[in-house]
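Please examine the protein shown below. The report that follows describes its architecture and some of its local features.

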Amino acid sequence: MIALIIIAALILIILLTVNIPVEAYIRFYGGKADIKVKYLFLSLYPKKEKPPKKKKRRKDKPSKETLPVSEDIAAEDSSENTPKEDSPPKADTVKTEETTENESTSSKEESPSEEEKLTKEEKQPLLERISTKLDELTEKKNSVMLLIELVTEPLKRFGSKIRIDDVIIDFAAADEDAAKAAISYGTIGAAVYDGISFLRCFVGMSVRSVNVSCLYNTPAEKSRYDGECKVRLRPASLINAVFAVGFGYISNKKKYSPVMELFKKG
């Protein structure tokens with residue numbers, strides 16, 4: 001009975017910890033990004049740097065330069081008195097070199113060179129090469145389509161669990177030429193508002209402020225792309241998405257087998 005109570009308590013603790021959201025604060029001002037990730041009271045990113053440990057000083061050993069002069073002279077005399085023996089080249093080494101040369105030449109003769117391989121490929125008719133390339137492309141396309149089919153529904157459910165709040169966007173298009181500044185202002189504004197509407201189709205989002213302005217007669221280097229947001233996600237949602245993809249693959253393994261082959265080739 002006590003074992004069952006302990007197991008139930010552990011399961012409850014795991015469920016609670018997995019359902020507590022992880023919060024990420026993303027800020028981008030002046031071309032510098034500042035990202036902070038928190039879970040409860042823990043700071044996951046950036047991690048605090050540990051203070052460097054103090055290294056113990058080691059006693060320096062006396063070098064050869066600090067040795068007395070008499071010892072240096074004695075060492076030189078002993079090195080001069082030792083007879084130098086001229087070691088004749090061994091016959092075994094010569095034999096081994098000859099054998100290695102023979103093996104390398106034989107391997108070169110046996111293995112076809114890259115030029116021969118290229119000539120063989122070139123000898124193939126052009127229509128056959130094009131057909132093989134098309135077959136490879138169709139195989140990759142089919143496997144990619146199967147991957148999209150496998151992942152689409154779990155990703156939709158996973159995206160609905162993500163929450164983006166307190167979105168602040170402050171962009172400014174600048175250029176010395178007024179026409180170029182107006183064109184960049186229009187493209188940036190369209191991209192921002194279209195991107196927000198697209199994300200809202202899949203992710204819950206709350207926007208605090210959006211400001212897209214145009215700076216005429218100013219250099220392009222003074223363009224501004226600032227913003228910040230807060231992202232919340234429960235780890236349970238990510239675990240559920242991974243399990244859904246894995247279960248979908250296992251339940252219909254014959255159909256989705258080309259997906260694994262795509263990953264192996266990649």
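The sections below proceed from the overall fold to individual residues.

## Overall architecture

The structure is a predicted model. Its secondary structure comprises eight helices and six strands. Read from the N terminus, the elements follow the order α-β-β-β-α-α-α-α-β-α-β-β-α-α.

The protein has 266 residues, of which 16% count as buried. Among contacts with a separation of 6 or more, 74% are between residues 24 or more positions apart.

## The nonpolar cores

The largest nonpolar core contains 14 residues. Within this core, the residues with the most contacts are Ile164, Ile169, Phe171, Ile188 and Val192. At least two core residues come from each of three elements, namely β4 (163-175), α6 (178-200) and β5 (204-216). Strand β4 gives the most, with five residues.

What does Ile164 touch, if residues up to four places away in sequence are not counted? The contacts of Ile164 are with Val203, Gly204, Met205, Ser206, Cys229, Lys230 and Val231.

## The pairing of helices α5 and α7

Two packed helices are described by the angle between their axes and the distance between the axes. Helix α5 covers residues 126-161 and helix α7 covers residues 235-251. Their axes come within 9 Å and cross at roughly 165°. Because angles over 145 degrees count as roughly antiparallel, α5 is roughly antiparallel to α7. The crossing of α5 past α7 is right-handed.

Which residues form this contact? From α5 come Leu150, Pro154, Arg157, Phe158 and Lys161. They meet Ser237, Leu238, Ala241, Ala244, Val245, Gly248 and Tyr249 of α7.

Strand β3 consists of residues 42-45 and includes Ser43. Is Ser43 buried, exposed or partly exposed? The relative accessible area of Ser43 is 43%. Ser43 is therefore partly exposed, since this class lies between the limits of 20% and 50%. In sequence, Ser43 and Glu23 are 20 residues apart. In space, the C-alpha to C-alpha separation of Ser43 and Glu23 is 9.9 Å.

The peptide bond that joins Tyr45 and Pro46 is cis, with omega about -5°. Pro46 is located in the loop between β3 and α2 (69-81).

## Two residues with positive phi

Leu40 is a residue other than glycine, and its phi has a positive value near 55°. Leu40 is placed in the loop between β2 (32-39) and β3. With a relative accessible area of 53%, Leu40 is exposed.

Asn217 is not a glycine either, yet it has a positive phi of about 55°. The loop that holds Asn217 lies between β5 and β6 (224-233). The relative accessible area of Asn217 is 65%, so this residue counts as exposed.

Technical notes: Residues are numbered from 1 along each chain as its sequence is written. This is a predicted model: local features need pLDDT of at least 70, side-chain atom pairs count only at pLDDT 80 or more; totals for chains, interfaces and linings use all residues. Side-chain values use heavy atoms; hydrogens and water are left out. A nonpolar core is a set of buried Ala, Val, Leu, Ile, Met, Phe, Trp, Tyr and Cys residues joined through side-chain atoms within 4.5 Å. Buried means under 20% relative accessible area, exposed over 50%, partly exposed in between (1.4 Å probe, protein chains only). Helices (H or I, at least four residues) and strands (E, at least two) are DSSP runs, numbered from the N terminus. Contact means heavy atoms within 4.5 Å. Axes are lines fitted to C-alpha atoms, for helices over the stretch in contact, and angles run from 0 to 180 degrees between N-to-C directions. Angles under 35 degrees count as roughly parallel, over 145 as roughly antiparallel, 65 to 115 as roughly perpendicular and the rest as oblique. A crossing is left-handed if the near helix is turned anticlockwise from the far one by less than a right angle, and right-handed if clockwise.
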